[in-house]
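Welcome! Let's take a friendly tour of a protein chain together. Have a look at the picture before you read on.

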Amino acid sequence: RLGKRHDAVATVKEGKLLFLLIQGAKKADDQTEMPVFEIVRKDGDNHVYTQASRDSYTGVKAFWIDTKKAKKQSVVVGVLGNAKHLREVYATESDALDAAKAEWQRIRRGQASMTFDLAVARPELTPQCMIQFKDMKEPINSERWLVKQLTHRLDASGGLTTKMELETEGVESENIEEVP
């Protein structure tokens, strides 16, 4: 729940529980960027590119209770037009804003997704690293892709292969509105 609320992933490394923000693709020290790996079309056997509907959300609206005024208030990250409404009502404006920002980042990253099967595995690839394609069609080339999930497979017929699930990097949004 905490990971979803703050758009983070949880992992255990060296006996420590780490929560790492998904946006930004940074290492645990929060200073070092994850590496960007270049992939070319001939590295892969198969790929599937999917783009979100043009009618997708323009923002996220979250509600909170203002105990001083005894009123339900809301904040919007992005644009109100076709905003996604979060079901949960939050205790504070700050909690509502954090949840709206996290959901907006998930939506922005989900604008386009892709799977790419590498013919020869790349064991150095990890979730949260960035991929840049150099010789694919637009808009695949123009995006930096975040590795969402990796599956390494070893079998007698194909050797060691890697299947990558990718999503667009997403863009930080500073467009925040308070709506009564």
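## The chain as a whole

Keep in mind that you are looking at a predicted model. The protein chain contains 2 helices and 12 strands.

How much of the chain is buried? Of its 180 residues, 35% are buried. The accessible surface amounts to about 11,000 Å², and carbon and sulfur atoms account for 50% of it. Now consider the contacts between residues at least 6 apart in sequence: 62% of them join residues at least 24 apart.

## Helix H2

Helix H2 covers residues 93-109. You can check its length yourself: at 1.5 Å a residue, the 17 residues of H2 should span 24 Å, and because its end C-alpha atoms are 24 Å apart, the model agrees with that expectation.

Which residues of H2 are buried? They are Ala96, Leu97, Ala99, Ala100, Ala102, Glu103, Trp104, Gln105, Ile107 and Arg109. Here is a handy idea for looking at such a list: an α-helix has 3.6 residues a turn, so residues three or four places apart point the same way.

## The largest pocket

Next, find the largest pocket, whose volume is about 390 Å³. It is lined by 14 residues, and those closest to its centre are Lys4, Leu86, Glu88, Tyr90 and Arg106.

Where does the lining come from? Helix H1 (2-6), strand E7 (83-90) and helix H2 each provide at least two residues. E7 gives the most, with 6 residues. Sorted by class, the lining holds 8 charged, 5 nonpolar and 1 polar residues.

## A closer look at Ile140

Finally, zoom in on Ile140, which sits in the loop between strand E9 (130-133) and strand E10 (144-155). Is Ile140 buried or exposed? Its relative accessible area is 7%, so Ile140 counts as buried, the cut-off being under 20%.

What does Ile140 touch, apart from its neighbours within four places in sequence? Its contacts are His47, Tyr49, Met114, Phe133 and Trp145.

Methods: Residues numbered from 1 in each chain as written. Predicted model: local features only at pLDDT ≥ 70, side-chain atom pairs only at ≥ 80, totals over all residues. Heavy atoms only, no water. 1 Å grid on protein atoms, 1.4 Å probe; cavity = no way out; pocket = protein on both sides within 12 Å on 5 of 7 lines; lining within 4 Å. Points joined across faces, edges and corners; volume = space filled by probe spheres on them. Helix = DSSP H or I, 4+ residues; strand = E, 2+ residues; numbered from the N terminus. Nonpolar A, V, L, I, M, F, W, Y, C, P; charged D, E, K, R; others polar. Expected span 1.5 Å × (residues − 1). Buried < 20%, exposed > 50% of the residue type's maximum accessible area, 1.4 Å probe, protein only. Contact = heavy atoms within 4.5 Å. Areas by Shrake-Rupley, 256 points an atom, 1.4 Å probe, with all protein chains shown as cover.
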